Structure formats: C-alpha cells, structure tokens
Amino acid sequence: MTELLGSIQPIFLENGVLLPDSADFDLGQTLECGQAFRWEKQPDGSFLGVAYQKVCQIAQTGSGILLKGATRADFEAVWRDYFDLDRDYGALKRELSAHPVFARAVAYAPGIRLLRQEPWEALCSFIISQNNNIPRIKGIIARLCQLLGRPLTNGLYAFPDAQTLAGCTLAQLEPLRAGFRARYLLDAAQKIACGQVDLQSLHSLPMMQAQAALMQITGVGKKVAACTLLYGCGRLECFPVDVWIGRAMKQLLPEGLPDYAQQYAGIAQQYLFHYARTCTGLCEPDAPAVKGC
C-alpha cells in the first residue's frame with residue numbers, strides 16, 4: 001500500500017518502510033551536511049541514529065531508501081515529518097535554481113533534505129556546536145546521552161530531557177568534556193525546566209520574539225537561536241549565519257539572498273552551507289569571488 005508524500009510514495013513492508021529511489025533524497029548528503037549529529041555511518045554504508053527517542057537504521061539501496069524495521073506507526077509519528085517527506089523538493093529546487101549560485105549549490109548536492117528535529121535537542125546541539133567541529137560535537141552529544149539519557153536499542157540512548165539535565169551540577173557534567181558549553185547547557189535546561197523559556201511557543205511566536213526568548217539563555221546568540229528555530233521548529237524563514245555562510249555570502253552572494261528565496265531561506269542556507277564547506281577551494285578565507293565547482 002502506498003501514500004503520496006509530495007514526490008515520494010512510501011511502500012510499507014513487513015521489515016520496514018521503503019522510499020523509492022528519488023533524486024530529491026540522498027542519505028549521505030542529508031545526514032552528513034552538518035544539520036544533525038546523531039547519525040553514524042555503518043560499515044555496510046547504512047546509517048544508524050536516534051530521533052524523538054526512536055532508533056532507526058536507514059540504508060540507501062538499489063530500490064531506494066529503506067527504514068529498516070520501522071513500523072507504519074513510527075513512520076507516521078516520527079520519520080514522515082523528520083525527513084520532511086511532505087515537501088516537494090523537486091519543485092523547491094527548480095525555484096531556488098533561478099539564481100546561478102543556487103543552481104550550482106543544488107546541483108552539487110541535490111539530495112539534501114532539511115531535517116525536522118526535536119526543539120530541545122536542536123537547541124542543545126547547536127549550543128554544543130559553537131567554536132567546535134563535527135566529530136567533537138558528535139562526541140559530546142553521545143556522552144551527554146549516555147550519561148543522562150534512557151537506554152534504547154543497539155547501544156544507543158535517548159536524548160535527556162531538560163528536567164533531567166537541570167538537576168545536574170557542572171561537576172556532574174565534567175565527563176562530557178564540553179568545556180564552557182556545559183555552563184550554557186545547564187542554563188538552557190534550568191530556564192526551560194522552570195518555564196522561563198517555552199520551546200513550544202517558538203513555533204508560532206513572531207520571529208523577533210522567538211529569537212529574544214531563546215537569547216535569554218546564556219551563550220545563545222543569533223546564530224544558535226536561528227539554528228534552533230530552523231532545525232527544531234521548522235521556521236524556514238531563518239537563515240543562520242556562521243563562518244562558512246558568512247564567507248559564501250561575501251564571495252558568492254554579495255547582493256544578499258534573492259527575494260524569491262526568502263520563504264525557503266533555511267533550506268537555501270543548507271544547500272549553500274554544504275556547497276561552501278565541502279566544495280574544495282570555493283570559500284577559503286580571503287579568497288576572491290569564484291565561479292564554483
């Protein structure tokens with residue numbers, strides 16, 4: 001039995017859910033483009049990860065993408081929204097590609113999809129990401145989950161909730177080896193646990209108010225707030241700017257984001273971020289404007 005999800009029709013199998021092969025979804029491009037940190041590539045090429053306290057092993061096969069062992073209930077409750085499967089990325093990419101820079105960025109990694117993550121986990125992940133690299137970010141998150149999270153399967157752990165983290169001391173967080181970020185995580189947990197910051201309200205608050213609410217947390221500036229709102233709340237109007245995006249905008253889009261792309265700013269940012277970060281020589285420090293890969 002199939003159901004229409006934008007341009008992808010899932011097939012429910014006895015051993016999981018199959019998403020037939022599509023140019024709009026590539027696992028490596030989506031899970032390794034710097035937007036989520038709980039997916040690990042396995043020796044067989046599949047990815048093992050956790051989202052919303054659900055473990056998933058997902059593989060790109062000759063027939064498409066297989067969510068191994070996923071039930072229909074889990075697919076509808078978690079993975080359908082998590083992988084943004086209701087959005088027509090084919091149409092979106094054609095629209096974004098009206099600008100030559102985005103045409104190149106989309107062609108460079110056409111299988112990227114924006115992941116819709118749990119807001120609390122997204123907040124913590126991007127607090128940890130500050131002045132950090134992806135392997136170390138992943139290590140800190142894995143240690144946080146192992147220290148405070150509920151055991152799941154495959155040796156994995158759920159992401160701990162704010163109330164659990166709020167009850168810790170900085171000394172208890174030393175095993176994370178998170179440095180100054182531990183203090184930020186603890187402040188975030190305490191302000192959310194006591195209700196000072198309401199994560200659920202961020203989905204609907206006017207953008208300036210949503211950013212201001214998050215920036216009450218020690219160590220959360222505009223970039224971390226924008227990442228939380230984009231990846232955790234689906235606020236596509238957010239356009240997080242880090243070092244790579246700053247360079248890309250300066251060298252590739254000095255005139256700014258095109259007006260037509262504003263409604264999909266966050267997705268445009270993800271294509272641009274991956275393009276700038278991984279296309280060799282494209283956006284090196286102080287490099288002149290280039291034509292791209």
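Let me begin with Asn131, which is exposed at a relative accessible area of 73%, where exposed means over 50%, buried under 20% and partly exposed in between, with a 1.4 Å probe and protein chains only. This is a predicted model, in which local features need pLDDT of at least 70 and side-chain atom pairs count only at pLDDT 80 or more, while totals for chains, interfaces and linings use all residues. Residues are numbered from 1 along each chain as its sequence is written, and side-chain values use heavy atoms, with hydrogens and water left out.

Asn131 lies in the loop between helix H5 (119-128) and H6; helices (H or I, at least four residues) and strands (E, at least two) are DSSP runs numbered from the N terminus. Its phi is near 50 degrees, a positive value in a residue other than glycine. Most residues other than glycine have a negative phi. Asn154, in the loop between H6 and helix H7 (162-166), also has a positive phi, of about 60 degrees, and counts as exposed at 54% relative accessibility. Just after H2, Asp84 takes a positive phi of about 55 degrees.

Let me turn to the strands. Why is strand E6 (residues 64-68) described as largely enclosed by the rest of the structure? It is because four of its five residues are buried. Strand E2 (residues 16-20) pairs with E6 in the antiparallel sense over five bridges, where pairing requires that DSSP find at least two bridges between two strands, and Gly16 stands opposite Lys68 in E6. Strand E5 (residues 54-60) also runs antiparallel to E6, joined to it by four bridges; these two strands form a hairpin with three residues between them, and Ala59 stands opposite Leu66 in E6.

Helix H2 (residues 72-82) has Phe75, Val78, Trp79, Arg80 and Tyr82 buried, and the buried residues of this helix pack against strands that include E2, E5 and E6.

Next comes Gln35, in the loop between helix H1 (27-31) and E3, which counts as buried at 0% relative accessibility. The side chain of Gln35 reaches the backbone oxygen of Arg113 at 2.8 Å, a polar contact, that is, a pair of N or O atoms within 3.5 Å, of which, within protein, one must be able to donate a hydrogen and the other to accept it, residues adjacent in sequence counting only if both atoms are side-chain atoms. Not counting residues up to four places away in sequence, Gln35 touches residues including Thr30, Phe126, Tyr231 and Gln270, contact meaning heavy atoms within 4.5 Å.

In helix H11 (residues 243-252), Ile245, Ala248, Met249, Gln251 and Leu252 are buried, and what covers them includes helix H4 (100-108) and helix H12 (265-278). At the start of H11, a side-chain oxygen of Asp242 reaches to within 3.1 Å of the backbone nitrogen of Trp244.

Finally, the largest pocket holds about 480 Å³ of space; a pocket here is an open set of points on a 1 Å grid over the protein atoms alone, where a 1.4 Å probe fits, with protein on both sides within 12 Å along at least five of seven lines, and lining residues have an atom within 4 Å of a point. Of the 22 residues that line it, the closest to its centre are Ser129, Asn132, Lys223, Asp242 and Phe273. Which element gives the largest share of the lining? That is H12, with four residues.

Definitions and conventions
Points joined across faces, edges and corners; volume = space filled by probe spheres on them.
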